[in-house]
Structures are given as structure tokens and as C-alpha cells.
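Open the model in your viewer and keep the selection panel at hand. The stops below are given in the order to select them.

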Amino acid sequence: MPLTLSQLLAQIRQNDPKADTTLVELAYEYAAEAHQGQTRRSGEPYLQHSLRTALTLAAIRAETDVVIAGLLHDVPEDTSRSLEDLEKQFGKKIATLVEGVTKLSKVKYRGIERHTESLKKMFIAMAADIRVILIRFADRLHNLETLDALPEDKRLRIARETLEIYVPIASLLGIWYFKNQMEDLCFKHLYPEEYKKLEFKYEIEQKVGNKQFIQETEGILIPELKEAGIKFEIQGRFKSLYSVFQKMQNKERKFSEIYDVFALRIIVESIADCYKTIGVIHALWKPKPNRFKDYVAVPKPNGYQALHTTVFGPHGKVTEFQVATRKMYEESLYGIAAHWYYKNKKSRELGIGKQPKWVRDILELMRQAKDSEEFMSVAKIDVFRNRIFVFTPKGDVIDLPEGSTPIDFAYAVHTDIGHHCVGVMINDRINKLDTALKSGDTVEIITDKNKKPSRDWMKIAKTSRAREKIKQALKEGGGFMKFIKWK
Ligand code: MN
């Protein structure tokens with residue numbers, strides 16, 4: 001069934017009954033006109049992709065501007081309408097979001113594993129705004145859903161890129177909604193046989209047995225919770241197949257060992273009810289020692305909150321319960337997007353562990369976002385404010401301070417490349433050696449083995465590494481003297 005504008009409007013009104021949807025409707029018409037006649041590889045009209053992206057954003061309760069940017073996200077890149085025109089129609093805020101999404105498409109995984117860490121940083125640095133990341137995630141999710149239409153090499157590249165770059169960032173930002181779905185879609189394409197096997201096992205062997213067990217457990221629990229005056233909702237399975245696959249690989253455990261533990265999630269209305277519910281569960285079934293985890297009092301570093309306990313349930317079956325309020329549950333699903341939705345939050349210290357500094361900076365930022373009503377200003381991720389990330393022709397990522405030039409780049413790659421540098425291609429175009437590089441540029445240094453560093457380079461080089469090497473070479477090779485003579 002094709003998606004429609006009214007589905008999107010309904011979702012937006014569900015989030016906010018008073019929402020003004022005029023601009024959404026205009027954006028829809030604008031996108032429809034711009035993408036007129038274009039189809040996706042799957043054969044469906046291109047506009048379906050725009051609608052799906054916007055609908056996903058509305059479903060995670062992103063603000064209306066973000067939803068509109070989702071509708072328009074492919075316009076500047078894939079149609080004759082320019083970003084300037086888009087800005088004239090929809091204003092600076094929306095245009096900036098769309099521009100950010102377009103820029104992010106430059107961050108490509110080219111199969112070099114040692115660079116995934118830099119690529120993740122590059123992705124975040126170029127997004128510079130969590131909302132841009134959300135739009136890119138929603139866009140990627142639909143691309144993954146329609147991956148079957150693509151040739152195999154492209155399919156695998158996108159799946160691998162998602163698994164190496166997007167999934168870890170979704171996990172870092174605590175957006176399980178994207179993480180789980182992206183993971184399983186990638187799993188399906190990268191490991192088709194393992195996926196099929198696991199899906200079959202999960203569907204057939206477990207789901208049926210599970211259902212019965214869950215019903216039985218619910219049958220015991222529901223009257224007790226009602227008696228305690230707790231309003232609640234119970235959910236069954238919620239692990240991604242890929243996470244099961246990973247566990248089986250890492251610990252060489254069998255499917256049955258992982259899925260032998262039944263897990264139920266209970267969603268209640270207040271924090272007090274979370275603890276009351278745990279009390280009810282522990283009164284019914286004997287808790288397994290040391291398995292009660294209070295992530296309400298001490299949330300996980302990414303902000304995750306819930307109470308976990310494992311008990312010997314009906315028939316002595318080991319059963320895990322996760323108890324959370326609706327707000328906590330939605331925050332765990334939608335991450336930062338839900339933080340905005342529930343904006344009036346009290347400050348809470350996070351137990352931030354031993355992550356790299358950039359990860360801690362982002363988590364701190366998210367904590368602030370959670371506490372702030374002025375979320376517009378903290379949506380900016382400026383932990384990489386003073387860094388740029390550029391590609392070598394082979395796809396290696398080089399991390400440099402802002403204002404760096406091709407000379408800095410050349411020395412960062414290799415001293416010899418620095419010393420013999422005669423020219424530069426930036427994004428396949430000849431450029432001057434003093435050009436300031438920008439994040440996302442692909443830089444290729446042209447060398448000549450007879451070339452030696454010149455004194456002028458000291459004015460061009462910004463990094464201390466390059467300056468040191470140039471100084472040294474000028475001293476040793478007499479390049480300095482030669483330069484004087486030439487002049
Ligand atoms: Mn797209």
C-alpha cells in the first residue's frame with residue numbers, strides 16, 4: 001500500500017493535536033513536484049521514499065521542522081531544485097537541516113576496517129546536529145528496507161556501511177528504534193543463510209512456546225498488578241535477531257541457551273509503580289541472586305532507565321523482567337528524539353564510564369539536552385568543532401585541525417609525500433596548496449621525487465607536525481639556502 005500525505009498528517013496530529021500542518025502540506029507538494037516522474041530502483045514513485053522518511057521521523061516524535069526536512073531531504077541532490085530555492089520557500093532552519101543531510105551522504109564506508117572509528121567521528125562532525133542524524137537514519141532505514149532492488153555489490157556496501165557506522169552511532173545516542181531495525185536488515189543481507197536459520201528458529205521453535213509461556217505468566221501477574229492498583233502494559237520479545245547472532249558468535253553459545261531466558265517488559269505509569277511492580281514480581285517468584293539492576297536510580301551512560309530483575313518464573317523457568325515508565329520506554333526507543341518530546345526533565349547524574357573522550361562529550365551533551373527546554377541550541381553537536389575529516393583517494397580518513405591545508409594533509413599521510421608535494425587535487429579538481437580543506441573533501445597529493453620543501457610552506461602549514469618536518473628538511477637538505485639562491 002502506497003503511503004499518503006494524510007497518514008503523515010495524522011501521525012503529526014497524534015504527536016501534537018494543535019500542530020500547524022500547513023508547511024508540511026506545502027513541503028509535500030514541493031517534493032512531489034520536484035521528484036515528479038522519478039522512480040526508485042524498486043519501480044515505486046520517488047515520493048514514496050520522501051514520505052516514508054518523514055513518516056518515520058513523525059513516528060519517533062521528532063519536531064515538525066525535522067519531519068518537513070525529511071520530506072525534502074533528497075530535493076537539492078536529486079532534482080533540479082536548488083538548496084537556495086528550498087531556503088526561499090521554507091526558511092533557513094529547514095534548509096540547514098536538508099543541507100546537513102546532503103553533506104552527510106559524503107561519509108562513505110569503503111571497506112577499510114581500521115578507519116571505522118574515524119568514520120564515525122566524521123559522520124558526527126559533519127552532521128553537527130543530532131536532528132540531521134535522525135533524518136539520515138530515517139532515510140537509511142527505508143533504503144535498507146528496499147535494498148533488494150539494488151545490485152549485489154551496492155547492497156552489501158550499504159549494509160556493511162550501516163553496520164559499521166550507523167548502528168554504533170544509533171547505539172551511542174541510545175536510539176534503539178533505529179539500531180534494532182537497521183541491525184536486522186543488515187544481518188539479512190550480509191549473512192543471508194544465518195539470518196534465515198535464525199529467523200526460522202525464532203519464528204517456529206520459540207514463538208509458539210513463548211506465546212504460551214507469556215500468556216501463562218501474564219495470567220498469574222495481571223490480577224496481582226491490578227490488586228496493587230498498578231496500570232500497566234506487558235510486552236514479549238524485543239531482542240534483535242542480530243544481537244542473538246552476535247551473542248552466539250561471541251560466546252559460542254547455542255540459540256537455545258540465549259533464548260531459554262524469557263524476557264518480558266512491563267510498562268507502568270510512574271517511577272513508584274516501577275518499584276511496586278518489582279515488589280509484586282519478587283513476591284510471586286524467587287529472584288535470582290545479584291540480577292536486580294536499578295537503572296532508574298543509576299541510569300546507563302546513554303541515559304537508559306529501567307528496573308531489571310531475573311526470577312525463577314512459572315515451572316521454574318528463568319524469566320527476565322524489565323520494568324519502566326512509558327516515558328523511559330519511549331526514550332529508550334527513540335533516544336534524543338523522545339528527550340525533546342518529554343522536555344521538562346530533572347537533572348540526573350550519569351555513570352559515564354571509560355569511553356573515549358568524544359563519546360563522553362556526546363553523552364554529556366545528551367544529558368544537557370535531556371535537561372534543557374532550549375533543545376534547539378543543544379541539538380548542535382560541537383565536540384568536533386575544531387576538527388575536519390578528509391579522505392585519501394583510497395578512502396582512509398585523516399583527522400586534521402580546522403584551517404588545515406593540503407600541505408598539512410600530505411605530512412599527515414606520510415613525511416615523504418609531504419616533502420615531495422607539488423600539487424593537489426581536491427574532489428578531483430586541481431587546487432592550490434594553500435586551500436583550506438573542508439570535512440568530506442577527498443584529497444590527492446601530486447608528488448615529484450625531485451621536489452623539496454620550500455620556505456613558503458611554513459606560511460601554509462598549520463599543523464605542528466608539518467611545520468616540524470618542513471623545518472627539519474630545510475635545515476638538513478639546505479632547502480632554505482637553495483630557496484634564497486633561487487630568489
Ligand atoms: Mn534519501
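Start with His315, which sits in the loop between strand E5 (307–312) and strand E6 (318–325). Strands (E, at least two residues) and helices (H or I, at least four) are DSSP runs, numbered from the N terminus. The model is predicted: local features need pLDDT of at least 70, side-chain atom pairs count only at pLDDT 80 or more, and totals for chains, interfaces and linings use all residues. Residues are numbered from 1 along each chain as its sequence is written, and side-chain values use heavy atoms, with hydrogens and water left out.

Look at the backbone of His315: phi is positive, about 60 degrees, although the residue is not a glycine. His315 is exposed, with a relative accessible area of 67%. Here exposed means over 50% relative accessible area, buried under 20%, and partly exposed in between (1.4 Å probe, protein chains only).

Next select Asp428, in the loop between strand E9 (421–426) and strand E10 (429–431). Asp428 is not a glycine either, yet has a positive phi of about 70 degrees. Its relative accessibility is 68%, so Asp428 counts as exposed.

Now go to the metal. Which residues coordinate the manganese ion? Show His49 (NE2), His73 (NE2), Asp74 (OD) and Asp139 (OD), which coordinate the manganese ion at 2.2 Å. Donors are N, O and S atoms within 2.8 Å of the metal (3.2 Å for Na, K and Ca); water is not among the atoms, so sites may look incomplete. Along the sequence, the spacing of the donor residues is H-x23-H-D-x64-D. The pair His49 and His73 links distant parts of the chain, 24 residues apart: His49 belongs to helix H3, and His73 to the loop between helix H4 (64–72) and helix H5 (75–78). Are these two histidines, His49 and His73, buried or exposed? Both His49 and His73 are buried.

Stay with the helices and select Met182, in helix H11 (residues 176–190). Met182 is buried, at a relative accessible area of 0%.

Finish with Arg41, in the loop between helix H2 (22–34) and helix H3 (46–59). Arg41 is exposed, with a relative accessible area of 58%.
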